[in-house]
Amino acid sequence: MPDTTRLPSVREQRPLGYWLKHIDGALTETMGRLLAADGLDRRAWQVLNTMSYGPITVAALDETMAAFLSADEPTMRSQVERFVERGWAGQTGDGRMTLTEEGRRVHERASERAGALRTRMMECLSAEEYGVLMELLQRVATHLDALAAGEPGQ
């Protein structure tokens with residue numbers, strides 16, 4: 001385990017948080033430009049993509065998107081309402097939200113662009129490196145969740 005008691009100067013080596021914020025900002029900016037033609041930004045794309053897997057309640061959508069909720073956006077309901085206004089989504093008889101034919105067409109177009117970006121983004125990593133990166137990020141996230149929850153031994 002690295003010695004984290006003596007961190008290098010942030011002028012010499014950026015810390016984890018810097019790179020996470022940098023990557024998040026770059027993704028938001030790039031996705032916004034990429035999907036603007038369909039009237040989507042990164043958050044709208046994430047909601048549209050989540051809805052593409054089948055009918056879903058707003059509560060289940062919020063649970064799926066929990067990492068992206070904030071005081072400014074405590075629910076994805078407004079995103080879904082915009083989709084309804086555009087004719088991209090509707091409500092099923094049991095209250096779940098689902099994409100319409102038009103919503104599926106928009107998703108298909110946006111999915112092709114997002115997939116191409118994902119491929120280009122990860123060109124710098126081998127499949128094995130990508131797998132390791134995902135595992136490490138998940139491990140850090142799980143550990144931070146445990147620390148935030150104040151679990152014993154953390």
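Predicted model: local features only at pLDDT ≥ 70, side-chain atom pairs only at ≥ 80, totals over all residues.
Reader: How much space lies in the largest pocket?
Author: About 1,600 Å³.

Reader: How many residues line the largest pocket, and which lie nearest its centre?
Author: The lining has 31 residues. Nearest the centre are Ile23, Leu27, Arg42, Met134 and Leu137.

Reader: Which helices supply at least two residues each of that lining?
Author: Helix H1 (16-35), H2, helix H5 (101-121) and helix H6 (127-149) each do. H1 gives the largest share, ten residues.

Reader: And how do the lining residues divide into nonpolar, polar and charged?
Author: There are 23 nonpolar residues, five polar and three charged.

Reader: Switching to Met31. Where does it lie?
Author: Met31 is in helix H1.

Reader: Buried or exposed?
Author: Met31 is buried, because its relative accessibility is 7% and the cut-off for buried is under 20%.

Reader: What is Met31 in contact with, leaving aside neighbours within four places in sequence?
Author: Arg42, Trp45, Ala114 and Leu117. Ala114 is 83 residues from Met31 along the chain, yet their C-alpha atoms are separated by 7.4 Å.

Reader: OK, now Asp38. Where is that?
Author: Asp38 sits in the loop between H1 and H2.

Reader: Which side chains does the side chain of Asp38 make a polar contact with?
Author: One is the side chain of Arg109, at 2.8 Å. Another is the side chain of Arg113, also at 2.8 Å.

Reader: What else does Asp38 touch?
Author: Not counting residues up to four places away in sequence, the residues touched by Asp38 include Arg86, Trp88, Val106 and Ala110. Arg109 and Arg113 are on that list too.

Reader: Last topic, helix H4. Which residues of H4 are buried?
Author: In H4, which covers residues 77-86, Gln79, Val80 and Phe83 are buried.

Reader: Why are those on the same side of H4?
Author: Because they cover an arc of only 95 degrees around the axis.

Definitions and conventions. Residues numbered from 1 in each chain as written. Heavy atoms only, no water. Buried < 20%, exposed > 50% of the residue type's maximum accessible area, 1.4 Å probe, protein only. Helix = DSSP H or I, 4+ residues; strand = E, 2+ residues; numbered from the N terminus. Arc of directions from axis to C-beta. 1 Å grid on protein atoms, 1.4 Å probe; cavity = no way out; pocket = protein on both sides within 12 Å on 5 of 7 lines; lining within 4 Å. Points joined across faces, edges and corners; volume = space filled by probe spheres on them. Nonpolar A, V, L, I, M, F, W, Y, C, P; charged D, E, K, R; others polar. Polar contact = N/O pair within 3.5 Å; in protein donor to acceptor, adjacent residues only side chain to side chain. Contact = heavy atoms within 4.5 Å.
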